[in-house]
Amino acid sequence: MTTDPVASSDASLDPPSFEEIRAQGHRMLDDMLDYLEHIRERPVWQPIPDAVRARFQGGLPAAPAGLSAVHDEFMRFVLPFATGNCHPGFMGWVHGGGNAPGMLAEMLAAGLNANLGGRDHAPIEVERQIVRWMRDLYGFPDTASGLFVTGTSMANLLAVLVARTAALGTDVRDTGLAAAAARLTAYASSAAHGCVAQAMDLCGLGRAALRVVPADGYHRIDLAALDAAIAADRRAGFTPFLVVGTAGTVDIGAIDDLTGLAEITRRERLWFHVDGAFGALAMLAPDLAPRLAGIERADSIALDFHKWGQVPYDSGFILVRDGELHRTTFASHASYLRRETRGLAAGSPWPCDFGPDLSRGFRALKTWFTLKVHGTEALGAVISRTCALARHLEQRILAAPQLELLAPVQLNIVCFRHRGEDADQLNARIVADLHESGIAAPSTTMIGGRLAIRAAIVNHRTRQGDVDALIEAVVALGDPAVAHRAA
Ligand SMILES: Cc1ncc(COP(=O)(O)O)c(C=O)c1O
């Protein structure tokens, strides 16, 4: 065997036999389609046995292994111990259920191995088409820009950075915040997601510069309190620059009064960003879209296609009304990224001019497939149905004397708990038991200082029977006799 690297340069990583890999690839595809077809027969989630966890302690492999052997390892030790969010009984956090065409598109994207940082190629046109669709959906102008990112945490961070440029000008990119005399302050409600404060932190503005405005009993931002906070900051010499409204709060699914926020931000000349991580796609559901009134007046919107849009992870997105401001927030000159008017280096501006990522995968493709194959009517119907299921769950809770509802049901999220002594501990135990039972997987949150079982119905596969199974299991697990056995 030769050791000369030039002489062996025809030894690529491509399979020696495409026939063999084709057959193996078909088996892998069949396995994932079987997984989705028979997902109901599995537990939602199951704990990883110690022996399985130990398997992942092995060192970096120097020698090759057969594809079928690695696939077999995946089937035995990875797939059965996944989060379970494809399962209709998964109701924790805010996880989408994925979908088969989106999964297949991910394979196509990986096959193309496209880098969507820049250059002139069709994959970027796919992303640009989705940007146009989102402009139309939210009534943004043709000059608005958009970009795929990992998720809404990242989209919110980008929005804070664009808002900072709007407030301080592009010089801040060179001189930094320390050189800016203005002490910027931003505003969001107490129900806003933690990633908004994190974005302030990552931008160097600091978490304390995010003023936490009280929310009402429905977790909607208190507009009078927002007005008062802005006025107080101006009097104290701060420079208010940004208001973040939420369309679908993470705890209970509240939608801020977006029209009210649009009025205030216009009057006060502040950037108006909407965190619509899951709620913004309610725009696809005719019965829910009116509740987003005012979103069309936002300066920027963050949303995730991987939540209510059912696109496989990850597929976050940001839309910015002023595309030029968005570009000047991130675009940088580099001789090795020189643009041309023809050839592969044409097509400027490139996606890398709108965010920090230069290497970017083809997230747009699985989103494009999902939107095209299902159509927005079916996706909107899924969104409406999950809200109807949440209302059904609410009714079941109200009818069960052992249970109490902890927050008003506004979209697809239901917060409730089993009554009992030491109810926080009891309900935390019920949720852990539920996870281990494999029947359902809600999560928990704190509502008014009380631990709630939180069911966020996001998955297109969830049916009434799954919601009923959740309720029946909670009632059974909360039975004092069971509590006694668990103690
Ligand atoms: C309202 C809200 N904002 C932001 C996020 C963070 O989104 P991501 O997990 O995609 O970063 C979430 C996640 O659930 C959310 O519900």
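User: Where is R119 found in this model?
Analyst: R119 is found in the loop between α4 and α5; helices (H or I, at least four residues) and strands (E, at least two) are DSSP runs, numbered from the N terminus. The model is a predicted one, where local features need pLDDT of at least 70 and side-chain atom pairs count only at 80 or more, while totals for chains, interfaces and linings use all residues. Residues are numbered from 1 along each chain as its sequence is written, and side-chain values use heavy atoms, leaving out hydrogens and water.

User: What is phi of R119 near?
Analyst: Phi is near 85°, a positive value, and R119 is a residue other than glycine.

User: Happy with that. Why is α5 called oblique to α12?
Analyst: Helix α5 (residues 122-138) and helix α12 (residues 363-398) pack at about 55°, with their axes 9 Å apart. Angles run from 0 to 180 degrees between N-to-C directions, with axes fitted to C-alpha atoms over the stretch in contact. Under 35 degrees is roughly parallel, over 145 roughly antiparallel, 65 to 115 roughly perpendicular, and the rest oblique. That makes α5 oblique to α12.

User: Which residues make the contact?
Analyst: From α5 come V126, E127, Q129, I130 and W133, and from α12 come A364, L365, T367, W368, L371 and K372, where contact means heavy atoms within 4.5 Å. By class, the α5 contact with α12 has 7 nonpolar, 2 polar and 2 charged residues; Ala, Val, Leu, Ile, Met, Phe, Trp, Tyr, Cys and Pro count as nonpolar, Asp, Glu, Lys and Arg as charged, and the others, Gly among them, as polar.

User: And what lines the largest pocket?
Analyst: The largest pocket is lined by 33 residues, with M28, M32, F74, M103 and E106 nearest its centre. A pocket is, on a 1 Å grid over the protein atoms alone, an open set of points where a 1.4 Å probe fits, with protein on both sides within 12 Å along at least five of seven lines; lining residues have an atom within 4 Å of a point. Elements giving two or more residues to the lining are α1 (18-37), α3 (67-78) and α4 (100-112), and α1 provides the largest share, 8 residues. By class, this lining has 21 nonpolar, 10 polar and 2 charged residues.

User: Which peptide bond involving P349 is cis?
Analyst: The bond from S348 to P349 is cis, with omega near 0°, and P349 lies in the loop between α11 (323-330) and α12. Another cis bond joins Y313 and D314, with omega about -15°; D314 lies in the loop between β7 (300-304) and β8 (316-320).
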